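Here's a quick tour for someone meeting this structure for the first time. Have a look at it, then read on.

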Amino acid sequence: MCMVIFAPIFAICAFATCGGYYGRLQVKVDCADRRQSNLSINIDFGYPFRLEQVHFRAPLCEAKRGEVLFLDGDYSSAAQFFVTVGVFAFLYSLMATVVYVFYQNKYLKNNRGPLVDFVVTIMFSFMWLVSSCFWAKTLSDIKAATNPTQVLLLISACRAQENKCAATQEPLWSRLNTSVVFGFVNLVLWGGNIWFVFKETGWYKTGHRYPTRSASGKRSSEMRQRLYSESSFDQPDESFGPTRQNSFNQSQTDYRPQVQRQASVNQPQVSFSLPQTYLGKAVNYSTEKRAASQGPMIFVNEM
């Protein structure tokens, strides 16, 4: 989330401070013959720092004519590469912001979004590293090429001791120095974001699905098992007797009411029986219990 907020801002700062640079070097040539002097020679340069195309006119002091001189070096490749990385990083960070905010479900679908984001983040981190280092080295070369002492050596009139040459205005390098700083800030920002994007990928989730137990966790589990085993085996056997006896007695007490309930259920089945009819003679029963158990009797006389 920090990348989403700060990446576009630092990317703009990086390529804007480099791409919008404009510098001026001003020198003067004071010839022995005052009439040939030029006290204001302006040398303007800027992005993309093709200094070999920057020219200026200086007096010769020996004749009433001047010469056209060019600076040395072409440093456009490093500057353009740095600005290009900044522009593409800005555009991608804006696109990522829109995806994170409005298309979160599609971003996480099938784990394709996090994987693409992870690869692109690594690529931009590497490009920020290369472009920032390359641009920092190139900036030092630009400073050397536009050094007033180096520029004055290009002027023929300044090589003569009777003429006096000096720089009246030097270019300001604070803006380009800031661009280098922003380049390395972007490197830290994108490099640190690699971990957070990696946590969204399936590789991180697969690796943490079955976490391994650390050595301290294994030792603590072994100690708990050892203490449990010692406490269980140190108890006397008598402790198991009363518990088992109580459980047996309890089962007997639970079983007796069940027998009584079963007997009470069977008893009415015996006592209530259908009446029996006999034609003819009455049947005498020797025992009272058997007669009682047969239920009421009905006698029918023969006609």
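## Thr 138

Thr 138 sits in helix 4; helices here are DSSP runs of H or I with at least four residues, strands are runs of E with at least two, and both are numbered from the N terminus. Because its relative accessibility is 4%, Thr 138 counts as buried (under 20% relative accessible area; exposed is over 50%, partly exposed in between, with a 1.4 Å probe and protein chains only). Leaving aside residues up to four places away in sequence, Thr 138 touches Tyr 75 and Ala 78, where contact means heavy atoms within 4.5 Å.

A word on the source: this is a predicted model, with local features needing pLDDT of at least 70 and side-chain atom pairs counting only at pLDDT 80 or more, while totals for chains, interfaces and linings use all residues. Residues are numbered from 1 along each chain as its sequence is written, and side-chain values use heavy atoms, with hydrogens and water left out.

## Helix 2 against helix 4

The axes of helix 2 and helix 4 come within 9 Å and cross at roughly 155 degrees (axes are lines fitted to C-alpha atoms, for helices over the stretch in contact, and angles run from 0 to 180 degrees between N-to-C directions).

Who meets whom? On the helix 2 side the residues include Ala 78, Phe 82 and Val 85, and on the helix 4 side they include Phe 124, Trp 128 and Thr 138. By class, this contact has 17 nonpolar, 5 polar and 1 charged residues (Ala, Val, Leu, Ile, Met, Phe, Trp, Tyr, Cys and Pro are nonpolar, Asp, Glu, Lys and Arg charged, the others, Gly among them, polar).

## Aromatic rings

A search of the whole structure turns up 16 aromatic pairs, meaning rings of Phe, Tyr and Trp (its six-membered ring) with centres within 6.5 Å; planes under 30 degrees apart are stacked, over 60 edge-to-face, and the rest tilted. Phe 82 and Trp 128 make an edge-to-face pair, 5.9 Å centre to centre with 80 degrees between the planes. Since Phe 82 lies in helix 2 (residues 76-102) and Trp 128 in helix 4 (residues 112-145), the pair ties together parts 46 residues apart in sequence. Both Phe 82 and Trp 128 are buried.

One aromatic cluster includes Phe 82, Trp 128, Tyr 47 and Phe 49.

Most residues other than glycine have a negative phi, and most peptide bonds are trans. Yet a cis peptide bond joins Tyr 47 and Pro 48, with omega about 10 degrees. Phe 49, not a glycine, has a positive phi of about 65 degrees. Phe 49 is in the loop between strand 2 and strand 3, and is buried at 0% relative accessible area.
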